[in-house]
Amino acid sequence: MLSTNTQLLRISQGQLNLLERCPRQFQHTYLENLNSPSDPEQEERQTLGSRFHLLMQQREMGLPIQSFLQADSQLQTWMSAFANAAPEILAPAADSQTFRESEHYRTLQVQNYLLTVVYDLLIADQQKAQILDWKTYPQPPHKSKLEKNWQTRLYLYVLAETSEYLPENISMTYWFVQSQGQPQNIKFNYNTTQHQRTANDLKELLNDLTHCLESYQQKQQFPQLPLGNKACNYCQFATRCDRTQATEQKSDGYGNPFGERHLLPDLASITEVSL
Ligand code: SF4
């Protein structure tokens, strides 16, 4: 629950991304659980992606995966393409000093928040630590976009903060197993400057969240995007936000984030933000 200041609120990379993109969307999604029913096609893609993650986890744990592969030609194709593209990742560590764990879970407390990360695979030896992440959507995003994403930033940050590794000895690699042709990867090497920047940005974003949550308890809604922002045209909350194209002309044009007051549910009745 979010009802007292002494309780920690768990925050994931997805929540940070949403909070940064649009605080009001964060409010509707995570505080009020107002998500629309998901699109069946998207659901199917997510299920297939989850199955690939499960397969990789089983494999890492040394459990048999043949029956999964035989039952699913898509998984079989992805796995064999990945094995060709990155045999060194699938190969068992010859060196017993190397630590490998799939679905590796870490948390870090910052202010009243518990930052939570789950690495698809963590490989660490005495010199360096590598975070690996599997993506099953077809088109890898541009590297600069991925670099700014809170998944990249938070995953690297939390490992540096919760281990002995210097930022310079930590990396994160995304593997896009469904890319056209061969699986592709995008790798980010971390450094102290980036680490400091992330620390500052995180502090600022969490301060904003604390401020918004306090205001929310006083019945004020989280800020909206400025009027006219194109993102509102594609947002499932456009009607609720009075941001449908037809209604924009009658707004004041300033997009004052705290201008509106609505009756809001009591915070004590809202479940804790989940991952
Ligand atoms: S309609 Fe615009 S302001 Fe409202 S939640 Fe969506 S993106 Fe945010």
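Analyst: Two strands count as paired if DSSP finds at least two bridges between them. In this predicted model, strand 3 (residues 113-124) and strand 4 (residues 129-135) are joined by four bridges and run antiparallel. Leucine 122 stands opposite isoleucine 131 in strand 4. A hairpin of four residues joins strand 3 to strand 4.

User: What makes strand 1 and strand 3 a pair, and in which sense do they run?

Analyst: Three bridges join strand 1 (residues 9-11) to strand 3. The cut-off is at least two, so they pair. They run parallel. Leucine 9 stands opposite tyrosine 113 in strand 3.

User: How do you know that strand 2 and strand 3 pair?

Analyst: Eleven bridges link strand 2 (residues 99-110) to strand 3, in the antiparallel sense. Phenylalanine 99 has alanine 124 of strand 3 as its bridge partner. Glutamine 109 is bridged to leucine 114 of strand 3. The hairpin of these strands has two residues between them, and glutamine 111 takes a positive phi near 55° there.

User: Why is strand 3 described as largely enclosed?

Analyst: Ten of its twelve residues are buried, so strand 3 is largely enclosed by the rest of the structure. Buried means under 20% relative accessible area.

User: Why are helix 1 and helix 9 called roughly perpendicular?

Analyst: The axes of helix 1 (residues 13-21) and helix 9 (residues 192-217) cross at roughly 75° and come within 11 Å. The range for roughly perpendicular is 65 to 115 degrees. Helix 1 and helix 9 are therefore roughly perpendicular. Leu16, Leu19 and Glu20 of helix 1 meet Leu202, Leu205, Leu206 and Leu209 of helix 9. That contact has six nonpolar, no polar and one charged residues.

User: What makes helix 1 and helix 2 oblique?

Analyst: Helix 1 and helix 2 (residues 23-31) pack at about 135°, with axes 5 Å apart. Roughly perpendicular ends at 115 degrees and roughly antiparallel needs over 145. The pair is therefore oblique. Gly14, Gln15, Leu18, Leu19 and Arg21 of helix 1 touch Pro23, Gln25, Phe26, Thr29 and Tyr30 of helix 2. By class, five are nonpolar, four polar and one charged.

User: How do you know that helix 2 is mostly covered?

Analyst: Eight of its nine residues are buried. Among them are Arg24, Phe26, His28 and Leu31. The buried residues of helix 2 pack against helix 1 and helix 9. After helix 2 comes asparagine 33, with a positive phi near 50°.

User: Why does aspartate 201 count as partly exposed?

Analyst: Aspartate 201 lies in helix 9. Buried means under 20% and exposed over 50%. At 28% relative accessibility, aspartate 201 falls in between, so it counts as partly exposed. Leaving out residues up to four places away in sequence, aspartate 201 touches Trp150 and Arg153.

User: What makes Leu209 stand out in the largest nonpolar core?

Analyst: The largest nonpolar core has 42 residues, and Leu209 is one of the four that touch the most other members, with Leu115, Ile131 and Phe222. Beyond its neighbours within four places in sequence, leucine 209 contacts Ile11, Leu19, Phe26, Tyr113 and Phe222. A second, separate core has 19 residues, including Ala86, Leu121, Leu132 and Val177.

How values were computed. Residues numbered from 1 in each chain as written. Predicted model: local features only at pLDDT ≥ 70, side-chain atom pairs only at ≥ 80, totals over all residues. Heavy atoms only, no water. Axes fitted to C-alpha atoms, helices over the stretch in contact; angles between N-to-C directions. Parallel < 35°, antiparallel > 145°, perpendicular 65-115°, else oblique. Contact = heavy atoms within 4.5 Å. Nonpolar A, V, L, I, M, F, W, Y, C, P; charged D, E, K, R; others polar. Core = buried A, V, L, I, M, F, W, Y, C linked by side-chain atoms within 4.5 Å. Buried < 20%, exposed > 50% of the residue type's maximum accessible area, 1.4 Å probe, protein only.
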